Amino acid sequence: MADGTKRLLENFPLEDLAIDTAYAAAASGDELGGPLGVAAPQAVVVGVDDSNVTSDGLWRRASYVWSPMLLAFSLVITYYDIANGTTTAFGYGETGEPALYLRMMNVVLFTILLLWVSCLEGAQVALVALSHAPSSTIERSSPRVLRAITAVLHGQNLERFIIGRQFLLVFLVFVLSKLSSHEAARGALDPFGWTWAHEANIVFMQNNVLLMIVIAVPGQLIGQLVAARDAVHFLELLVVPYHFCVAPALLLETTGIMHCAYVLKDGFAGGLTWRWTTAH
């Protein structure tokens, strides 16, 4: 059994927790075969009827159809808005039409940054998972992936990477929002001659509802899900994971802007430890 699971069972006795018997059986067993060979008990949410979640009902089947359609619609409208030059990237309150080369540059830049966000999201999932993986799993990776993993696992670099990556991620999402947020002064959105009503323009464009879908799904979730499925192969896809993800994150962490996270972490961790000790 993994050390983390042993500590969990020692600190939180199963008889004191309302944990499903399936979890208790999994947690008390031997190594579980995950994609990385890491022990990972299959926890069951307690007190929640998950029959609607696991059942392949009509709504869930339908969501596999309308959800991709919604994503495709969001991508088309977002890229149309950028290419049309009606975003805040060209200034607030401006009414003139930006030059074509500037609009195309924004399209390319938006795509690159969106891919970078996806790489950063997946890299954190992959590297954190590999920090608990057997050394044999890591040694089978390519030299470029091994360099990234070794750098993150050296000393306290894992925490530094998490903090620096988060800072970089927030910055990239801010730039993406700047590049693709609709500017009302340039008029209502009329993709391909389809003029939107004022209310629809406010709900979907001014409030960035479509942009949230674009950033959340291809920008964040896809990288996370692929990395969770196979961490090593995801890092292989990045070609140069050290230069794209690890090095920029570690560099930004050294600025100290977000070092308050360490202070808060130690404070919360100390408080939780004191609370658990006094309660038992």
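Modeller: A helix here is a DSSP run of H or I with at least four residues, a strand is a run of E with at least two, and both are numbered from the N terminus. By that rule the protein chain has 13 helices and zero strands. This is a predicted model, in which local features need pLDDT of at least 70 and side-chain atom pairs count only at pLDDT 80 or more, while totals for chains, interfaces and linings use all residues. Residues are numbered from 1 along each chain as its sequence is written, and side-chain values use heavy atoms, with hydrogens and water left out.

Colleague: What is the mean pLDDT of the protein chain?

Modeller: pLDDT is the predictor's confidence in each residue, on a scale from 0 to 100. Its mean for the protein chain is 77, and 75% of the residues reach 70 or more. Over residues 1-51 the pLDDT stays under 50.

Colleague: Why is Thr78 called buried?

Modeller: Buried means under 20% relative accessible area, exposed means over 50%, and partly exposed lies in between, with a 1.4 Å probe and protein chains only. Thr78 has 4% relative accessibility and therefore counts as buried. Its place is in helix α4 (residues 58-83). Contact means heavy atoms within 4.5 Å; leaving aside neighbours within four places in sequence, Thr78 is in contact with Phe110, Ser180, Leu210, Leu211 and Val214. Of the 280 residues of the protein chain, 31% count as buried.

Colleague: How do you know that Cys119 is in no disulfide?

Modeller: A disulfide is a pair of cysteine sulfur atoms within 2.5 Å. The structure holds zero disulfides. For Cys119 the nearest cysteine sulfur, that of Cys245, is 5.4 Å away. Cys119 is also buried, because its relative accessibility is 17%. Cys260, at 47%, counts as partly exposed.

Colleague: What describes the packing of helix α5 and helix α10?

Modeller: Two packed helices are described by the angle between their axes and the distance between the axes. The axes of α5 (residues 100-130) and α10 (residues 209-229) come within 7 Å and cross at roughly 40°. Axes are lines fitted to C-alpha atoms, for helices over the stretch in contact, and angles run from 0 to 180 degrees between N-to-C directions. By class, the contact of α5 with α10 has eleven nonpolar, six polar and one charged residues. Ala, Val, Leu, Ile, Met, Phe, Trp, Tyr, Cys and Pro count as nonpolar, Asp, Glu, Lys and Arg as charged, and the others, Gly among them, as polar.

Colleague: What makes Ser118 a buried residue, and which residues is Ser118 in contact with?

Modeller: Ser118 lies in helix α5, and its 13% relative accessibility makes it buried. Beyond its neighbours within four places in sequence, Ser118 is in contact with Pro218, Gly219, Gly223 and Phe234. Ser118 and Gly219 are 101 residues apart in sequence, yet 4.6 Å apart in space, C-alpha to C-alpha.

Colleague: What is the phi of Asn208?

Modeller: Most residues other than glycine have a negative phi. Asn208 is not a glycine, although its phi is positive, about 60°. Asn208 lies in the loop between α9 (198-206) and α10, and it counts as buried because its relative accessibility is 18%.
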